[in-house]
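This report looks at aromatic rings and at the charged groups placed over them. Please view the sequence and the structure first.

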Amino acid sequence: MKASIRKISEITGFSPATVSNALNSKRGVKKSTADAIFKTAQELGYYDNTKIDTITFLIYKNTGKVVTDTPFFEDLIKGIETETQAQGYALNICTIVASMPESQKTLTAILNNPANALLILATELAEEDLEFFKTFRGPLVLIDGRFSSSDFNSVSIENTDSVFHAVEYLIKRGHKKIGYLKSNLRINNFREREEGYRKALDHYSLNYNPKHTFLMTPTFDSAFDDLDTQLSETTDMPTAFFAENDILALGAIRALTKHGYALPDDISLIGFDDFPYSTISTPPLTTIHVFKQEMGQVAIKKLLNIIDASDVGVPVKTEVSTQLIVRDSVKDLTV
């Protein structure tokens, strides 16, 4: 028999009213009090996750300039939809734009729904944004975002090691001056990719040259415009670039070509994401393939394991491996 609010009250020492308010995520209950109440409720089997019939996929946008209608997010959503349907759950897709005044009300309604399991697109989430989601007591998984200091389950891309190996690929083909095409909007994914780039340079005792890092806006047209302007002001160029994503890489191909650089003869280039456009660029882009649909499926399976209580209570941060796709944008300088 499921534990009652009165039983939880007796064990924790908090009044039935406080217990009820905490279990229903009402304001006015201290976090430490709520945590103690929820811990006891879970130990007593107060929650009945069989009542969960809907998974809410919350697309969280901060600036909205990274989370856009690109093939990356289309494929990710497709994987989420496919796995949710296969498991017999309804899927509710909700987009939250943090700057919109109605967002807080919508979020509160979602977090107070006891029949919800929550999958959050964390691409644009900042560490401080996570505080609000700590009031949600149902099953929750972050996707495309990993936070070292958080206690949320997450499924994310293997960013740092992927970029390390991509830069290593350039180094083993004779490149010693390797530049970096950097988004001027900083999210965790990009920070982890930059870490992989720096680690590779350090590992092979190559100097980091800040003059070979170019800031670009991560939209197709703006990426071209930004690099076009910067190339007009310098002739000090590396032999290769790593770009934080394919949007920056494709914008760079246009700008570099405009300024008379031949790819890959003059400058080599590697991107990240493996967009469909990468196969038809000139030259076809060497890039890191992200298993986007599979990542969505892994996240849903993780969420369902929490729902049916087959998952351990310890939060797990899962990284999905990538694959370097070699095309024609890298020149081998060793031959």
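A residue is called buried under 20% relative accessible area, exposed over 50%, and partly exposed in between, with a 1.4 Å probe and protein chains only. The model is predicted, so local features need pLDDT of at least 70, side-chain atom pairs count only at pLDDT 80 or more, and totals for chains, interfaces and linings use all residues. Residues are numbered from 1 along each chain as its sequence is written, and side-chain values use heavy atoms, with hydrogens and water left out.

Rings of Phe, Tyr and Trp (its six-membered ring) pair if their centres lie within 6.5 Å; planes under 30 degrees apart are stacked, those over 60 edge-to-face, and the rest tilted. The count by this rule is eight aromatic pairs. One of them, Tyr197 with Tyr208, is edge-to-face, with 6.3 Å between centres and 80° between planes. Tyr197 is buried because its relative accessibility is 1%, and Tyr208 is partly exposed at 29%. The rings of Phe275 and Tyr277 also form an edge-to-face pair, with centres 6.4 Å apart and planes at 85°. Phe275 is buried at 2% relative accessibility, whereas Tyr277 is partly exposed at 39%.

Tyr197 and Tyr208 also belong to one aromatic cluster with Tyr180 and Phe242.

A charge sits over a ring if NZ of Lys or CZ of Arg is within 6 Å of the ring centre and within 35 degrees of the ring normal.

| Charged residue | Ring | Distance from ring centre |
|---|---|---|
| Arg193 | Phe272 | 3.7 Å |
| Arg254 | Phe224 | 4.0 Å |
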